[in-house]
Amino acid sequence: MFVSTVSAQDNLTTNVKPSELEQGLIDALNSDTKNLAADYVIANYCKATEDKISTSENNNVSSKSNSRTYQLESGSNITFINHGNFLINDLKVDNNTIQPVNKENEMNLQSEDNSFYTPSLISSVSEYNSFGWKLFTVYTQGYFGYDNKSVKPYHVNSWYVHNMPFNLWQISNWEEGTDIISSNTAEVYSQGNFHYGFEYKGNSLTVQNYYIKVYLSCDQNGNYGAYYSLTELIPKLKVGSLNLSFGSSTEYPRIKNGSATLTIQDDLS
Amino acid sequence: MMKKSSYEILFIACFAFFFILNFINVIGQPDLPLFVAIIIGALIESFTPYLVLILIIRIISRDSSKF
């Protein structure tokens, strides 16, 4: 019922079979014939299998591999991480839109001869709690101009959405923009520190702390893909001189990299 | 005046509310370190609302005892 994701990342595991519960969730999402919202399907599945999910961590799949990514029929990717944690990332390609440009970009579009442009791309990553409720989603939108010799990134918009009421997640150090990685690779990115807990006069409790980067990447030939990087930092309690960490430094930071579907363009020459 | 058991029940109710609020905000299944962080967070968070509620109850009961 699933196909392995096409990935440019070495650390994505595509040949490991999902566990029974993971396969169940994949099947539920793929067989959504009534066109119910994916979030509704996920929440219902997690509710129905609540007991099994919490006791499934000792199975062979979870203990052997760090994470497993599978492509859903909708085109989104679901990645299962240990501790019953999963996320969904997606790449939406809008072939019909004329890329919105700002003043600076408009000048570049006119001056560049023999340049081609990718469609408008939107990359997103959604995080879920143990009940299958979507907590938040991070988006980044952009496109690229390329001419077989160089690539130029165009950032359109980046944003995040709190998907659940009573959401305690806060965002700091939010950044968005473009980056030229090398002469033939460029990125459109958004990144920020997603954390929840509380702080009062320098004293703080951080329950969960993620550094999330969602980005689109393209080379000079117009081969583009959507990627993400998640870094989970150690939970901390800081009261005056007391600085207590919940968990060992060997466990943290937990880093997870992944990608959505990679698209190969035809050669321009 | 409230009975001693009423104070305990009020604190437990506050703690339960913030524990659930914290728990549903955790990404994935919480492991032991996260679980400890959630409990400590819920304890600290429930303290202020608990004191405010007691204050309100005392003011109400004081005013009502005048009549």
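1. Is E187(A) buried or exposed? E187(A) is buried, at a relative accessible area of 9%; buried means under 20% relative accessible area, exposed over 50%, and partly exposed in between (1.4 Å probe, protein chains only).

2. This is a predicted model, in which local features need pLDDT of at least 70 and side-chain atom pairs count only at pLDDT 80 or more, while totals for chains, interfaces and linings use all residues. Residues are numbered from 1 along each chain as its sequence is written, chains are lettered from A in the order in which they are written, and side-chain values use heavy atoms, with hydrogens and water left out.

3. Over all chains there are 2 salt bridges, a salt bridge being a side-chain nitrogen of Lys or Arg within 4 Å of a carboxyl oxygen of Asp or Glu. E187(A) pairs with K213(A), with 3.2 Å between the closest N and O atoms. E187(A) is in strand β10 (residues 185-200) of chain A and K213(A) in strand β11 (residues 203-219) of chain A, so the pair ties together parts 26 residues apart in sequence. Strands (E, at least two residues) and helices (H or I, at least four) are DSSP runs, numbered from the N terminus.

4. K92(A) and D90(A) also form a salt bridge, 2.8 Å from N to O. K92(A) is exposed, at 51% relative accessible area, whereas D90(A) is buried at 12%.

5. Chain B has 2 helices and 0 strands. Of its 67 residues, 36% are buried. One buried residue is C14(B), with a relative accessible area of 7%.

6. Between them, chain B and chain A bury about 2,100 Å², 68% of it on carbon and sulfur atoms; buried area is the accessible area (1.4 Å probe) that two parts lose on being put together, summed over both. In chain B, N25(B), I27(B) and Q29(B) lose the most area to chain A, together 35% of what that side buries. The contact (heavy atoms within 4.5 Å) involves 32 residues of chain A and 19 of chain B.

7. Between chain B and chain A there are 0 salt bridges, but 7 residue pairs are in polar contact, both at pLDDT 80 or more. A polar contact is a pair of N or O atoms within 3.5 Å; within protein, one must be able to donate a hydrogen and the other to accept it, and residues adjacent in sequence count only if both atoms are side-chain atoms. On the side of chain B that touches chain A, α1 (4-24) and α2 (32-66) of chain B each give two or more residues, and α2(B) gives the most, with 9 residues.
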